[in-house]
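Subject: Structure handover

Hello,

Here is the structure I said I would pass on. My notes on it follow below.

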Amino acid sequence: MTGIIVYHSAHHQNTAKVADAMAQVAGCQAVRAGEIDPGELTKYEVAGFGSGIYFGRHHRILLRWVEQCPALPAQVFIFSTSGRGTGGKNHRALREMIRRRGCRVRGEFACKGYDTFGPLKLFGGIHRGKPDHGDIRRAREFAMRMNADLPPEP
Ligand SMILES: Cc1cc2nc3c(=O)[nH]c(=O)nc-3n(C[C@H](O)[C@H](O)[C@H](O)COP(=O)(O)O)c2cc1C
């Protein structure tokens with residue numbers, strides 16, 4: 001099974017930390033959306049997509065990248081970091097985009113990330129130090145589950 005993680009991390013590299021931790025345990029590459037052509041995704045059988053949450057959805061750079069993929073792998077998982085630290089509605093735009101393409105979202109992961117958006121900056125931001133060790137451990141466990149659930153190779 002060949003896998004890849006594609007992410008965008010713009011604010012504090014919060015999602016980059018999660019993506020790297022996941023890639024390490026899954027034994028795959030984590031690449032920034034700007035560093036890989038959407039056409040290359042056809043080479044992979046499973047893909048993880050993640051970014052920070054911006055105005056209630058994944059970053060537009062990641063959403064646009066996914067939209068431009070000529071084909072998505074049948075198996076996809078999604079993840080994010082955000083001020084709220086929740087998936088749910090924040091994942092809806094990306095989740096729906098993937099489902100519309102006929103793919104299954106096999107799992108979702110979300111955690112809090114350091115956030116200094118707007119007036120938060122005046123107070124030193126919120127969730128300094130996030131994602132922390134606990135979040136990274138949960139991200140690794142999630143990635144292992146995503147790996148373990150894969151159907152065996154023929
Ligand atoms: C312009 C902007 C908009 C944001 N919008 C939201 C939001 O709607 N909901 C939320 O929970 N966090 C929001 N955040 C916080 C980020 O999602 C959070 O800091 C995230 O961990 C950033 O990830 P990154 O460092 O990988 O880009 C926003 C941050 C910025 C800078």
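How many disulfides does the count come to? The model is a predicted one, and in it the count comes to zero disulfides. A disulfide is a covalent bond between the sulfur atoms of two cysteines. Here a pair counts if its sulfur atoms are within 2.5 Å. For Cys28, the closest cysteine sulfur is that of Cys69, and because these sulfurs are 15 Å apart, they are too far for a bond. Cys103 is in no disulfide either, since the nearest cysteine sulfur, again in Cys69, is 9.7 Å away. Cys103 is buried, with a relative accessible area of 10%.

Next, the largest pocket. Its volume is about 410 Å³. There are 21 residues in the lining, and those closest to the centre of the pocket are His11, Ile53, Tyr54, Gly83 and Asp115. Helix H1 (14-26), strand E3 (46-54) and strand E5 are the elements that give two or more residues to this lining. The largest share, three residues, comes from E3. By type, the lining divides into 12 polar residues, seven nonpolar and two charged.

Strand E5 covers residues 75-82 and contains Phe79. Phe79 has 0% relative accessibility and so counts as buried. Its C-alpha atom is separated by 9.8 Å from that of Ile53, a residue 26 places away along the chain.

Thr81 also has its place in strand E5. At 4% relative accessibility, Thr81 counts as buried. Apart from neighbours within four places in sequence, Thr81 is in contact with Asn14, Thr15 and Val18, with Ser51, Gly52 and Ile53, and with Cys111, Lys112 and Gly113.

His91 sits in the loop between E5 and helix H3 (92-100). Is His91 buried or exposed? With a relative accessibility of 0%, His91 counts as buried. Leaving out residues up to four places away in sequence, His91 touches Ile53, His58, Ile78, Phe79, Ser80, Glu108, Phe109 and Ala110.

On to helix H1. This helix has 13 residues and reaches 19 Å from its first C-alpha to its last, close to the 18 Å expected at 1.5 Å a residue. Which residues of H1 are buried? They are Asn14, Thr15, Ala16, Val18, Ala19, Ala21, Met22 and Ala23. In an α-helix there are 3.6 residues a turn, so residues three or four places apart point the same way. The cover over the buried residues of H1 includes strands E1 (3-8), E2 (29-32), E3, E5 and E6 (104-112), together with helix H4 (133-148). Just after H1, Gly27 takes a positive phi of about 65 degrees.

Last, the backbone. Most residues other than glycine have a negative phi, and most peptide bonds are trans. Gln13 is not a glycine, yet its phi is positive, at about 65 degrees. Gln13 is in the loop between E1 and H1 and is partly exposed, with a relative accessible area of 31%. His127, also not a glycine, has a positive phi of about 60 degrees. The place of His127 is in the loop between E6 and H4, and with a relative accessible area of 24% His127 is partly exposed. Pro131 is likewise in the loop between E6 and H4. The peptide bond from Lys130 to Pro131 is cis, with omega near -5 degrees.

Regards

Notes:
Residues numbered from 1 in each chain as written. Predicted model: local features only at pLDDT ≥ 70, side-chain atom pairs only at ≥ 80, totals over all residues. Heavy atoms only, no water. Helix = DSSP H or I, 4+ residues; strand = E, 2+ residues; numbered from the N terminus. Buried < 20%, exposed > 50% of the residue type's maximum accessible area, 1.4 Å probe, protein only. 1 Å grid on protein atoms, 1.4 Å probe; cavity = no way out; pocket = protein on both sides within 12 Å on 5 of 7 lines; lining within 4 Å. Points joined across faces, edges and corners; volume = space filled by probe spheres on them. Nonpolar A, V, L, I, M, F, W, Y, C, P; charged D, E, K, R; others polar. Contact = heavy atoms within 4.5 Å. Expected span 1.5 Å × (residues − 1).
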